[in-house]
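User: Hi! I'm new to reading protein structures, and I'd like to understand where the labels come from. Could you take me through some of them?

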Amino acid sequence: MKDTRISDTVLYIGADDKTLDLFESQYIVPNGVSYNSYLIIDEKVAIMDTVDARATDEWFDNLDKALNGRTPDYLVVSHMEPDHAANIKAAAKKYPEMKIIGNAKTFNMIGQFFDVDLEGRKVVVAEGDTISLGQHTLQFFMAPMVHWPEVMVTYEQSEKILFSADGFGKFGALDTDEDWACEARRYYFNIVGKYGAQVQALLKKASGLDIAMICPLHGPILKENLPYYIGLYNTWSSYSVEAEGVFIAYASIHGNTAGAAKKMKEILEAKGVQKVVIADLSRTDIAEDVEDAFKYGKIVLAASTYDGGVFPVMEEFLLHLKAKNYQKRTVALIENGSWAPAAGRIMRGILESMKNISICENTVTIKSAVKAENVAAMEVLADELISK
């Protein structure tokens, strides 16, 4: 059990999971993940969410130690995803007098996940409702589709703590020493990114609160420089450009398209672009590629033609971006095809189905290997991309 005391009356009772290979069975987590849960000790005692089934034993052990003989009066359920809600039934069974706090949608989902009778134990809250624990007052704000429809956040008024559900979360166990923004960005865009408008609505509610601390369900507790974290969330959820630069993503079969992408990087750097990031979509983590596509304002897509379409990893990447509501970006296209180039047309078609995407008029078409005329065309395309 680590750094349990957040304040004299708020304790951390969550757990790290360093054995998990894929978060949500799709996102690589080389440094694991934390399942955060909290306990508020007052005249009445409130548990703030449970944890994943992978950490059940550790969580109950932490809870028992933190309770120190007390019995919880409430369990607040912020989010019904199993990595936070897996132990609702077990906790309800262990503490039969404990009431469960949630909104109407919360209890609908509890019935979907568990066969449990909560008759007489439900406390249904709505927007702005409060519950007093004694010195502490919990106030509830609905956050639908951040990133499930039942999500709500809790503001503790006396200590000015925002229990932010999945908001402001990140990958990585709590003892991981790494840059917060990098893994929080990858987490945000891949998990919450589609719901920017809903995050903006939550940020608007939060702007009316005096927040001294943010306690998310994943990642470290945020106590200092809160404007930095809130500012990043505002940038991300408004789909604004976080950093000036160009992201080049390529899908190459035998290396010729890779060579074109690397040449494009050289051209852009020679023209004064300070930051050019390049990724081989066949070999990089697609979640990191999605992250970089949102981080920078401009992107170059270079892909081979394959089976009359576009090389599969590029198509998968573009469909991921579309699913995450990719927008407000400028895109340049480079295609390759030895006899019937089609990648450019396919990529353009997918991009045109997104909103607020500016596609460069020029498309560089390579037939097999890069030639001098292709380099000249890339020079023109680079100028167009920079000027937009």
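User: What makes β16 and β17 a pair, and how do they run?
Analyst: Two strands pair if DSSP finds at least two bridges between them. Here 5 bridges join β16 to β17, so they count as paired, and they run parallel. Within this pair, F247 stands opposite V277 in β17. The strand β17 is also mostly covered, with 4 of its 5 residues buried.

User: Thanks! Before we go on, what kind of model is this?
Analyst: It is a predicted model, where local features need pLDDT of at least 70, side-chain atom pairs count only at pLDDT 80 or more, and totals for chains, interfaces and linings use all residues. Residues are numbered from 1 along each chain as its sequence is written, and side-chain values use heavy atoms, leaving out hydrogens and water.

User: Why is T56 called buried?
Analyst: Buried means under 20% relative accessible area, exposed over 50%, and partly exposed in between (1.4 Å probe, protein chains only). T56 has 17% relative accessibility, so it counts as buried. T56 is found in helix α1 (residues 56–67); helices (H or I, at least four residues) and strands (E, at least two) are DSSP runs, numbered from the N terminus.

User: How do you know that the span of α8 is close to the expected one?
Analyst: The expected span is 1.5 Å times one less than the number of residues. Helix α8 (residues 256–270) has 15 residues and reaches 21 Å from its first C-alpha to its last, close to the 21 Å expected. After α8 comes G272, with a positive phi near 100°.

User: Which strands and helix do the buried residues of α8 pack against?
Analyst: They pack against β16 (243–251), β17 (276–280), β18 (296–306), β20 (327–336), β21 (355–366) and α12 (372–387). The buried residues of α8 include A258, M264 and L268.

User: Which residues have the most contacts inside the largest nonpolar core?
Analyst: They are L301, M314 and F317, in a core of 98 residues. Such a core is a set of buried Ala, Val, Leu, Ile, Met, Phe, Trp, Tyr and Cys residues joined through side-chain atoms within 4.5 Å. Helix α5 (residues 180–192) gives the most to this core, with 8 residues.

Terms used:
Contact = heavy atoms within 4.5 Å.
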